[in-house]
Amino acid sequence: MNSPEAALPGFDPVTALSRVAPLADWIGLRLVEETSQHRGVRNGRPDRNHVRFSRGAMIEAVVNGRLAYAATGDLSEAGLHEAALRATRLARESARHAATTFSPGLRPTGKGRFSGPVATRFDTATLAELTGKLVTASSRLRVSDKIVETSAEIVLTEHRTHYLSSSGTDIEQRFHLVSQNFMATAQDGAEIQRRSLNGPVARCLQGGLEVVDFERLFDECERAGCEALELLGAEDCPNDTRDLLLAPDQMLLQIHESVGHPLELDRILGDERNYAGWSFVKPEDFGRLQYGSPLMNVSFDPELPGEFASYGFDDCGHRASREFLIRDGLLLRGLGSLESQARLGLDGVANFRAAGWNRAPIDRMANLNLEPGESTLDEMIGLVERGIYMSANRSWSIDDYRRKFQFGCEYARLIEDGRLTRVVRNPNYRGVSVPFWHSLKKVGDRGTFGVFGTPYCGKGEPNQMIRVGHASPHCLFANVEVFGGGR
Amino acid sequence: MSFARNTHRLLERLSDSAFAALRPGETASLGLSGEDQTYLRFNAGKIRQATGVRQLGLELDFRVRGRQVKLASDLSGREDLDLCALQTLLERARSEAAALPPDLFAAPLENHGQTEEWREGEPPDTDAVIDRIAAAAADADFAGLFAVGPQIRAVRNSEGQSHWFSAAGYFLDYSLFTVNSEGENKAVKGLLSGAEWEETKLAAALEKDRRQLGLLRAPSRTLQPGEYRVYLAPAAVAHIVDMLSLGAVSYGAWKKGGSALRRWIEGEVSLSEKLSLRENFALGLSPRFNSLGEVAPMTLPIADRGKLDSLLVGARSAREYGVTSNGAESSLWSEELLRSPEILPGDLPERDVLKRLDSGLYIGNLHYLNWSDLQSARLTGMTRYACFLVERGEIVAPIRDLRFDDSLYRILGTELEALGEEALVLRSTDTYEQRSLGGSKVPGMLLSSFRLTL
């Protein structure tokens with residue numbers, strides 16, 4: 001990938017900033033460049049080979065205490081000048097009705113560099129080699145003639161940001177990211193079932209090609225194909241109330257929707273009310289609300305190496321660090337950036353993030369994890385007289401205050417008298433966030449811990465899709481309403 | 001020269017250069033999308049974030065010896081720089097194509113004709129609009145997004161095809177909030193859009209919203225899960241129509257086991273004779289050409305009085321399954337999708353909605369829909385915004401939001417009792433990566449039974 005400096009001879013971000021700095025009381029310049037390769041094989045044949053190069057800058061300008069933004073793909077001197085003028089004009093135009101006042105503390109000064117892990121760079125494998133691996137994965141998914149569709153996809157992304165400001169901020173960050181999706185569709189007459197590796201695109205990690213162990217992956221593809229066949233002949237999930245054991249690849253969704261979004265301070269402030277929604281959490285709940293059982297410990301952890309949204313700084317230059325949001329079930333801290341913290345007078349985290357150069361940062365999840373407990377998987381299964389184990393998300397929905405949820409999974413097995421027994425298909429469950437988390441009765445130990453993520457967390461106006469990471473052990477919940485498909 | 005005119009000229013230069021550089025056996029298509037938008041985000045009647053976005057994206061679709069490679073790049077808008085970027089893309093495309101096996105289902109690039117559609121309205125003065133919105137919403141708890149500016153979609157190919165669509169216009173997507181007598185938050189939703197800002201439309205809309213907010217201030221009822229007679233207002237129906245774009249009426253998705261309406265497509269179950277669904281590009285919400293340059297018919301019936309007429313077929317599905325393309329679009333993330341859907345209206349006048357509903361629920365909007373069982377066409381989601389309990393044709397009380405889980409075969413089939421006489425055009429407010437084109441035109445729906453579960 002060419003850097004902006006290479007594409008524009010003589011381009012120097014510091015000089016570029018210095019040229020536009022006199023146009024406002026304060027100026028920030030966030031350069032973003034990204035190369036993303038989407039490689040796909042379907043039914044053993046190339047399906048999608050798509051590479052996207054993205055490059056541009058977001059100018060932040062403060063005039064008379066009001067902040068506004070202007071994004072441009074034109075990194076020439078004239079292009080950045082025009083964007084800076086546009087941001088200053090918007091700051092002036094919106095001044096009479098601005099919701100907030102800018103203060104220098106909202107953009108920390110300082111210098112920093114961060115590089116995510118990468119051992120084996122993407123260019124060490126040729127496109128032909130990578131395609132060959134995906135063709136093999138596709139064929140290993142097809143374990144029977146009843147597998148009517150297979151899909152093997154990988155997305156390799158290199159991402160760089162460089163954030164500078166007229167108050168001296170200079171932060172550069174580099175990331176290598178890998179997303180995977182391997183799926184088999186089985187059909188027998190009118191019955192169709194899909195099984196993937198941990199749910200569609202849940203395998204999201206930072207790193208180079210070392211994060212994909214292809215030999216192991218091929219075996220997993222075969223298992224996914226076999227499980228799709230198993231689901232074809234399985235009974236439907238029962239409709240009743242029973243204990244629910246969730247695998248980490250479903251916990252990622254459970255944490256995301258019923259903990260992450262309601263704890264975003266900008267939602268609590270009402271910024272999202274017209275789109276994603278508000279939150280049942282109120283500012284006075286921090287330090288008081290018992291969110292879940294004492295086994296529930298949730299951290300914002302940008303420091304876990306290899307997790308999808310680990311980083312050194314957020315997009316206002318705030319140094320990121322691990323913080324507990326919920327400890328022993330008690331709500332302590334929200335997912336709020338320096339701006340939201342100032343507006344609410346509450347503690348938060350470094351989570352002011354933008355989806356790309358063309359969007360302004362807002363409060364986002366990053367890595368939001370449930371900390372391991374002390375139970376082994378066998379111990380948790382052994383405790384259950386009548387229950388169900390579910391894994392791999394396939395359906396998700398929750399209300400705009402983040403209370404009433406309904407989630408579905410690809411794969412489930414009944415737990416009867418302390419043992420995993422029959423496979424059942426179309427498993428779903430529903431509940432209400434806080435009572436559900438109070439029903440958490442066992443948390444798996446580090447041996448049951450899984451690290452996943454998604455590139456598709458949507459939020460914001462204008463809309464932004466951003467990468468998040470979620471790690472969790474297996475977790476056991478008591479008396480959950482479960483149900484199957486049909487009707 | 002305007003953003004759109006400049007971009008048109010840039011695309012001419014880029015395509016001339018790229019197509020001249022092709023070697024024997026090579027073909028290529030250049031797709032361009034762009035916008036010069038001002039996005040104003042409001043909370044509590046104030047501007048939370050103001051952002052200007054000028055962006056251009058180019059996609060090179062390169063073909064040689066049966067191989068297909070797609071490379072996309074942001075552009076600067078400066079001819080010299082973008083010509084260099086395009087040359088780099090072309091070189092990389094050749095190198096990638098040499099490494100890939102043939103793609104049997106990549107439809108060859110063809111000349112699908114030349115069209116140009118320019119919709120250049122007079123953009124409202126942002127400064128004035130900010131004042132007007134702030135003044136109109138001064139006594140209300142107003143949250144929303146105002147987006148304004150030109151949008152461009154274009155595609156040219158080496159076979160002589162050239163399509164251009166540009167539109168200027170705005171939308172104001174907003175919510176008005178109140179607190180009811182029990183301290184609960186209640187809200188109504190509004191959407192204004194058009195080519196040019198009309199001062200009176202905002203005031204009239206807010207006046208109507210305020211009347212509904214008054215109804216929402218009464219104490220809310222908590223309802224037990226169960227089956228209810230319901231009226232789904234057009235905004236709620238639009239969410240259901242959105243779900244049809246997730247494979248339900250796509251030929252490719254059906255063949256791959258991903259259509260929720262498989263049993264209808266295969267003749268196992270019926271939909272209501274009252275239901276007629278079509279793509280209607282005459283609504284003017286979206287260009288008729290797709291990213292390959294195929295031009296869809298002005299109208300394409302999908303369900304005609306409950307019977308399947310056509311599924312959406314794009315060039316790739318057409319080639320794979322040996323059928324004829326009807327110019328449908330698919331994306332990197334989904335099979336063929338609806339771009340300008342319309343459900344034809346019925347015979348239920350708006351003034352008679354409560355009377356015909358008699359006793360049941362008036363549902364103003366829905367939220368966060370997803371399949372709960374794709375093979376049974378089962379949808380789940382939440383009620384949202386202005387939703388009321390109705391008894392004997394009168395609004396009795398607002399309700400606390402409920403989850404539903406029901407099948408399209410009931411919603412669009414056995415339980416569809418009537419469709420509204422008036423259909424609303426609801427322009428897309430999706431702004432992921434860039435402001436979307438498209439939208440839908442839908443009436444309200446009266447359902448004899450709707451399953452609420454939580």
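The model is predicted: local features need pLDDT of at least 70, side-chain atom pairs count only at pLDDT 80 or more, and totals for chains, interfaces and linings use all residues. Residues are numbered from 1 along each chain as its sequence is written, and chains are lettered from A and ligands numbered from 1 in the order in which they are written.

Chain A divides into domain 1 (4–233) and domain 2 (236–483). The bounds come from an automatic or database domain assignment. Taken over C-alpha atoms, the domain centres lie 22 Å apart. Domain 1 of chain A gives 40 residues to the contact and domain 2 gives 37. Two residues are in contact if their C-beta atoms, placed from the backbone, lie within 7 Å. The domain 1 side holds 17 nonpolar, 16 polar and seven charged residues. Here Ala, Val, Leu, Ile, Met, Phe, Trp, Tyr, Cys and Pro count as nonpolar, Asp, Glu, Lys and Arg as charged, and the others, Gly among them, as polar.

The two chains also touch. Helices (H or I, at least four residues) and strands (E, at least two) are DSSP runs, numbered from the N terminus. Strand β3 (residues 66–72) of chain A pairs with strand β2 (residues 46–64) of chain B in the parallel sense, over four bridges. Pairing requires at least two bridges found by DSSP. A:Y69 has B:T51 as its bridge partner in β2(B).

The largest nonpolar core has 240 residues. Such a core is a set of buried Ala, Val, Leu, Ile, Met, Phe, Trp, Tyr and Cys residues joined through C-beta atoms within 7 Å. A residue is buried if 20 or more other C-beta atoms lie within 10 Å of its own, exposed if 12 or fewer, and partly exposed in between; C-beta atoms are placed from the backbone. A:I59, A:A61, A:A87 and B:I363 have the most contacts inside this core. Beyond its neighbours within four places in sequence, A:A87 contacts residues including A:I59, A:Y69 and B:G52.

Helix α4 (residues 127–141) of chain A has 15 residues, so at 1.5 Å a residue it should span 21 Å; its end C-alpha atoms are 21 Å apart, which agrees. The expected span is 1.5 Å times one less than the number of residues. Its buried residues include A:L130, A:L134 and A:L141. Among the elements covering the buried residues of α4(A) are β1 (26–42) and α5 (214–232) of chain A.
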